[in-house]
Amino acid sequence: MPESFVVRREAHLAAPPAAVFALMTDPEKILRWMGTEAEVEPEPGGLYLVNVTGARFARGSFREVVPVHRLAYSFGWDGSEVVPPGSSLVEIDLIEQGGGTLLRLTHSGLPSAEQCAGHEEGWAHYLGRLTEVAAGRDPGPDPFYGRR
């Protein structure tokens, strides 16, 4: 049986793990780098719901929350039969490094090379925006706004 498709990304952020963790778990802070609406309950079983582009909701639930070190949540898209809500898994590790944070992201359970490529593009884009915000800069308007 073939393994599912996986996206792996790393980003170096100029902020301590606690600040990066807050940027990923506080709804108001999430909106600085991704999305137009966010409702998150960062505890095991809690809701993960982000309107990523203003036209598409990502939905899942938290599986693991280790404050300032690790997040894991199920992930998928409302209304999608290809990657339905909760059908894949996002795991994020935050490692203190050189006065900042090394973020390691693994998104597993994607159904195809096409979906893997699309999610790779999305994660590269949004982790770039997160890097800007973590460094205290404004990433500007999101060019992915309105994208389905």
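Rings of Phe, Tyr and Trp (its six-membered ring) pair if their centres lie within 6.5 Å, with planes under 30 degrees apart counted as stacked, over 60 as edge-to-face and the rest as tilted. The model is predicted, with pLDDT of at least 70 needed for local features and 80 or more for side-chain atom pairs, while totals for chains, interfaces and linings use all residues. Residues are numbered from 1 along each chain as its sequence is written, and side-chain values use heavy atoms, without hydrogens and water.

**View 1. An aromatic cluster and a tilted pair.** Tyr48, Phe62 and Tyr73 form one aromatic cluster. The structure holds 6 aromatic pairs. In one of them, the ring centres of phenylalanine 75 and tryptophan 123 are 6.4 Å apart and the planes meet at 45°, so the pair is tilted. Phenylalanine 75 belongs to strand β5 (residues 70-75) and tryptophan 123 to helix α3 (residues 113-134), so the pair links distant parts of the chain, 48 residues apart. Helices (H or I, at least four residues) and strands (E, at least two) are DSSP runs, numbered from the N terminus. Buried means under 20% relative accessible area, exposed over 50% and partly exposed in between (1.4 Å probe, protein chains only). Phenylalanine 75 counts as buried at 4% relative accessibility, and tryptophan 123 counts as buried at 6%.

View 2. Tyrosine 126 and phenylalanine 144 form an edge-to-face aromatic pair, 5.8 Å centre to centre with 85° between the planes. Tyrosine 126 lies in helix α3 and phenylalanine 144 in the segment after α3, 18 residues apart. Both tyrosine 126 and phenylalanine 144 are buried. A charge sits over a ring if NZ of Lys or CZ of Arg is within 6 Å of the ring centre and within 35 degrees of the ring normal. The charged end of arginine 147 sits over the ring of phenylalanine 144, 3.9 Å from its centre. Arginine 56 lies over the face of tryptophan 77, at 4.2 Å from the ring centre.

View 3. Two strands pair if DSSP finds at least two bridges between them. An open sheet is formed by 7 strands in the order β1-β7-β6-β5-β4-β3-β2, with antiparallel pairing. Its edge strands, β1 (5-13) and β2 (37-40), each pair on one side only. From one strand to the next, the twist averages 20°; axes are lines fitted to C-alpha atoms, for helices over the stretch in contact, and angles run from 0 to 180 degrees between N-to-C directions. Strand β3 (residues 47-51) pairs with β2 in the antiparallel sense over 4 bridges. Leucine 49 in β3 is the bridge partner of glutamate 39.

**View 4. Helices across the strands.** Contact means heavy atoms within 4.5 Å. Helix α1 (residues 17-25) lies across β1, β2, β4 (57-66), β5, β6 (88-97) and β7 (100-110), running at about 155° to β6. Helix α3 lies across β1, β5, β6 and β7, running at about 10° to β1.

**View 5. The largest nonpolar core.** A nonpolar core is a set of buried Ala, Val, Leu, Ile, Met, Phe, Trp, Tyr and Cys residues joined through side-chain atoms within 4.5 Å. The largest has 36 residues, of which Trp33, Tyr48, Ile92 and Leu103 touch the most other members. At least two residues of this core come from each of β1, α1, β3, β4, β5, β6, β7 and α3. Helix α3 gives the most, with 7 residues.
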